[in-house]
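Trainee: I would like to learn how to read a protein model. May we go through one together, feature by feature?

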Amino acid sequence: MTSNYTIPAFALPPANALRKGYSYTLYGKTVTGALEQWLASPADVTGNETGATKIGTSTGFFSWHASEKVLAVFAGSNGGSTLGRLNTAVNVSPYKYLKLFVPRAYSQSGSQYYTKVGISLQADGSGVTYGAEVLASSVTTNFNVILDVTNYSGMYFIYVSVRSASTTKENGIQGGTISLSNS
């Protein structure tokens, strides 16, 4: 060196600028990330949902349309019921509410069905905690089924149950969307 050099000071990035679980080390100092990003839109629960699974031997069917991020859940006729879950667990920690929005109930004229949404640590349908059931009919539109998740922390599977209140007609949800929110 033939002259004095000034080395500029450096600063580690703040923890909230780095993705949670990753560390950055510079000159022997380390900062661990704390940034967590959640929903891209109200209808986008995980951003990479891999499908849905019908639980048990229930009648009807349960499906997740990944490209549209909507549910189709139908209870079979003769008083049937269907229980299913999304295949990807979701971190509910920073949220107050899990909501299932149904733009219109699907049912044959005169039938009714109950819908509820729940969460569980288990993938087999056991240990599910549900919110209140909502009764819908062929004329019911734009309704929410809500579960308060304020006291839950961590990764949970999301469950939806549809139970027919009619003994002769098929009914269910077509186009239902799921969201997590604080309001």
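Trainee: What share of the contacts with a separation of 6 or more joins residues 24 or more positions apart?

Mentor: A contact means heavy atoms within 4.5 Å. In this protein chain, residues 24 or more positions apart account for 68% of the contacts with a separation of 6 or more. Please note that this is a predicted model, in which local features need pLDDT of at least 70 and side-chain atom pairs count only at pLDDT 80 or more, while totals for chains, interfaces and linings use all residues. Residues are numbered from 1 along each chain as its sequence is written, and side-chain values use heavy atoms, with hydrogens and water left out.

Trainee: How many helices and strands does the protein chain have?

Mentor: Helices (H or I, at least four residues) and strands (E, at least two) are DSSP runs, numbered from the N terminus. This chain has 0 helices and 14 strands.

Trainee: How do strands pair, and which strand pairs with S5 over 5 bridges?

Mentor: Two strands pair if DSSP finds at least two bridges between them. S5 pairs with S14 in the antiparallel sense, over 5 bridges. Within this pairing, Ala-75 has Asn-171 of S14 as its bridge partner.

Trainee: Why is S14 described as largely enclosed by the rest of the structure?

Mentor: The term to know is buried, which means under 20% relative accessible area; exposed means over 50%, and partly exposed lies in between (1.4 Å probe, protein chains only). S14 is largely enclosed because 9 of its 11 residues are buried. For the protein chain, buried residues make up 39% of the 183 residues.

Trainee: Where should I look for a nonpolar core, and how many residues has the largest one?

Mentor: A nonpolar core is a set of buried Ala, Val, Leu, Ile, Met, Phe, Trp, Tyr and Cys residues joined through side-chain atoms within 4.5 Å. The largest one here has 27 residues, and those with the most contacts inside it include Leu-71, Val-117, Val-160 and Ile-173. Among the strands that each supply at least two residues of this core are S5 (70-75), S8 (97-107) and S14 (171-181). S13 gives the most, with 4 residues. A second, separate core of 5 residues includes Leu-83, Val-128, Phe-157 and Tyr-159.

Trainee: Which residues does Ile-173 contact, leaving aside its neighbours within four places in sequence?

Mentor: Among its contacts are Leu-71, Val-73, Leu-100, Thr-115 and Val-160. Thr-115 is found in strand S9 and counts as buried, at 0% relative accessibility. With the neighbours within four places again left aside, Thr-115 is in contact with residues including Ala-132, Val-145 and Ile-173.

Trainee: Is Ser-120 buried or exposed?

Mentor: Ser-120, in strand S9 (residues 112-120), is buried, with a relative accessible area of 1%. Beyond its neighbours within four places in sequence, Ser-120 contacts Ser-126, Gly-127, Val-128, Tyr-156, Phe-157 and Tyr-159. A polar atom of the Ser-120 side chain lies 2.7 Å from the backbone oxygen of Ser-126. Ser-120 and Met-155 are 35 residues apart in sequence, yet their C-alpha atoms are 8.8 Å apart in space.

Trainee: What is the relative accessibility of Pro-14?

Mentor: Pro-14 has a relative accessibility of 48% and therefore counts as partly exposed. Pro-14 is placed in the segment before strand S1 (23-26). Pro-14 and Thr-32 are 18 residues apart in sequence and 8.7 Å apart in space, C-alpha to C-alpha.

Conventions
A polar contact is a pair of N or O atoms within 3.5 Å; within protein, one must be able to donate a hydrogen and the other to accept it, and residues adjacent in sequence count only if both atoms are side-chain atoms.
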